[in-house]
Amino acid sequence: MPHQPITVTRKDTIGDALRAIDRSAIGMVALIGDDGQFLRTVTDGDLRRLMIAGQVFDAGLDTLPDIRSVTATETMTLSEMLTLMNQYKIDHLPVVDGSGRLIEVAVRRELDQRILLSTPHLGSEEMEFVLEAFSTNWIAPLGPNVDAFEKAIADLVGVPEACAVVSGTAAIHLGLRLLGVERDDTVFVSDFTFIASVSPIVYQGARPVFIDSEPDSWNMSPVALKRALEGAAAEGALPKAIIIVNLYGQSADMDPLLALADEYGVPVLEDAAESLGATYKGKASGTFGAFGAFSFNGNKIITTSGGGMLVGRDPELIRKARMLASQAREPVPYYQHVEIGYNYRMSNILAGVGRGQLKVLSDRIARRRAINDYYRGALADIQSIEWMPEPEWSFSNRWLSCATVASSDKGASVDDLIKWFADHLIEARHLWKPMHQQPVFTGHRLYQHDPEETPVSSRLFGTGLCFPSGSNMTDADLERIADVTRRFFQR
Ligand SMILES: *Cc1c(COP(=O)(O)O)cnc(C)c1O
């Protein structure tokens with residue numbers, strides 16, 4: 001990324017320097033002293049000022065004032081260089097070695113191109129639906145976009161009805177409420193997840209019990225679930241519900257999990273916040289339990305900036321969800337309430353964004369899968385990286401490309417790799433920190449995949465990371481990430 005600048009000396013003329021700047025790709029040249037030391041940067045602005053002050057084209061550069069340009073040292077990271085440029089409001093930063101000789105020049109417009117983990121990627125039709133909401137004055141948490149977005153999601157995943165809400169968290173909360181989860185109940189939930197899978201259990205005054213992952217899909221372990229259900233049955237306290245989470249776009253191994261839930265008569269809610277468009281044995285993710293919840297938060301595979309959707313097999317219950325999400329207002333001509341509800345309905349403006357995003361969902365999945373394939377191919381020779389597995393029954397939407405890294409002989413860990421990426425202006429993140437390790441859940445129960453070993457969830461957290469995965473990254477971005485990764489492992 002840094003450039004080898006064209007250099008001039010005090011013996012060159014203003015004209016020479018201007019011609020050199022003209023040839024330079026970065027709009028500047030470097031003035032070098034007789035002993036080869038770097039003196040200062042020269043831009044066409046500097047030369048223009050000399051000419052305004054009366055110098056002619058053929059005058060030597062010895063009239064150029066002796067200023068001391070800000071420089072960077074070889075050991076600075078890209079991120080430190082960018083901070084320095086911001087501090088001094090400069091766009092070029094010469095990098096010099098220990099003896100003051102110029103090595104290269106870092107250029108802001110290139111450094112500025114941070115690669116983020118996953119950013120919104122809009123299509124071409126969102127704005128039309130949003131404008132329609134404005135032009136028809138449907139600026140409310142109901143309206144034609146909401147109806148159409150619900151129908152489109154229901155059709156896509158193959159359920160009779162869907163209820164659009166303000167967030168994935170709200171969808172999970174409504175699902176639990178409809179499953180009758182109440183104070184002092186217990187709810188089993190995947191241990192390896194984002195806290196939004198669990199918070200709604202606590203909103204209901206119930207207690208979460210955490211179920212470890214299995215190594216093949218990184219999702220809920222049927223072995224751990226079996227032990228948890230046996231234990232709960234023996235104590236005469238079966239959970240009110242089981243929340244199965246599909247992480248990073250991949251379904252959990254539903255057949256054995258659902259068989260266990262059926263055997264004990266416990267309903268399942270699928271947290272499919274990250275897995276819209278994925279399938280398990282050909283069937284749409286989110287449709288396996290009594291309820292499924294999707295999220296359209298800003299970093300998800302498609303987004304409405306914030307939003308969620310509750311889907312379910314029973315259309316009656318989804319209609320009940322809509323009513324609860326609208327302050328539990330009874331269908332009578334005045335405001336009447338026989339129970340407490342929520343203000344959870346999705347805005348008609350945001351549903352317009354969702355309708356547009358749904359049109360590009362399959363493109364987004366294809367791109368995210370291609371990004372994952374690229375990483376696997378380009379970094380195949382780096383033995384310490386192990387990519388998230390995709391079992392044969394899974395079609396993942398590859399929302400995020402995740403991997404675990406073995407500690408190197410030199411002791412380099414996943415923390416070092418994430419820091420290395422940050423130094424190169426690339427955002428990578430740790431995998432989810434398991435719920436049983438969260439301070440807020442101290443003392444809560446965990447059923448492990450293998451009670452003799454470290455929990456799978458803890459091992460994944462300790463060794464894993466998410467690579468940048470946004471569908472709007474360019475091939476050049478991917479090459480840069482692969483290059484930076486390779487250099488980390490070659491150190
Ligand atoms: C994003 C997410 C949620 C919550 O969705 P929001 O729309 O952000 O409320 C729930 N569970 C998981 C696993 C998620 O990744």
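Reply: Helix H6 (residues 144-157) and helix H12 (residues 348-359) pack with their axes 7 Å apart, at an angle of about 35°. Axes here are lines fitted to C-alpha atoms, for helices over the stretch in contact, and angles run from 0 to 180 degrees between N-to-C directions. Helices are DSSP runs (H or I, at least four residues), numbered from the N terminus. This is a predicted model, in which local features need pLDDT of at least 70, side-chain atom pairs count only at pLDDT 80 or more, and totals for chains, interfaces and linings use all residues. Residues are numbered from 1 along each chain as its sequence is written, and side-chain values use heavy atoms, with hydrogens and water left out.

The crossing of H6 and H12 is left-handed, meaning that the near helix is turned anticlockwise from the far one by less than a right angle. On the H6 side, the residues that meet H12 include Val-146, Phe-149, Ile-153 and Leu-156; among those in H12 are Ala-351, Gly-352, Arg-355 and Leu-358. Contact means heavy atoms within 4.5 Å. By class, this contact has nine nonpolar, four polar and one charged residues. Ala, Val, Leu, Ile, Met, Phe, Trp, Tyr, Cys and Pro count as nonpolar, Asp, Glu, Lys and Arg as charged, and the others, Gly among them, as polar.

Now the loops. Asn-137 lies in the loop between helix H5 (126-135) and H6. Although not a glycine, Asn-137 has a positive phi of about 60°. Asn-137 is exposed, with a relative accessible area of 62%. Ala-328, in the loop between helix H11 (315-325) and H12, is not a glycine either and has a positive phi of about 50°. Ala-328 is buried, with a relative accessible area of 0%. Buried means under 20% relative accessible area and exposed over 50%, with partly exposed in between (1.4 Å probe, protein chains only).

Methods
Helices (H or I, at least four residues) and strands (E, at least two) are DSSP runs, numbered from the N terminus.
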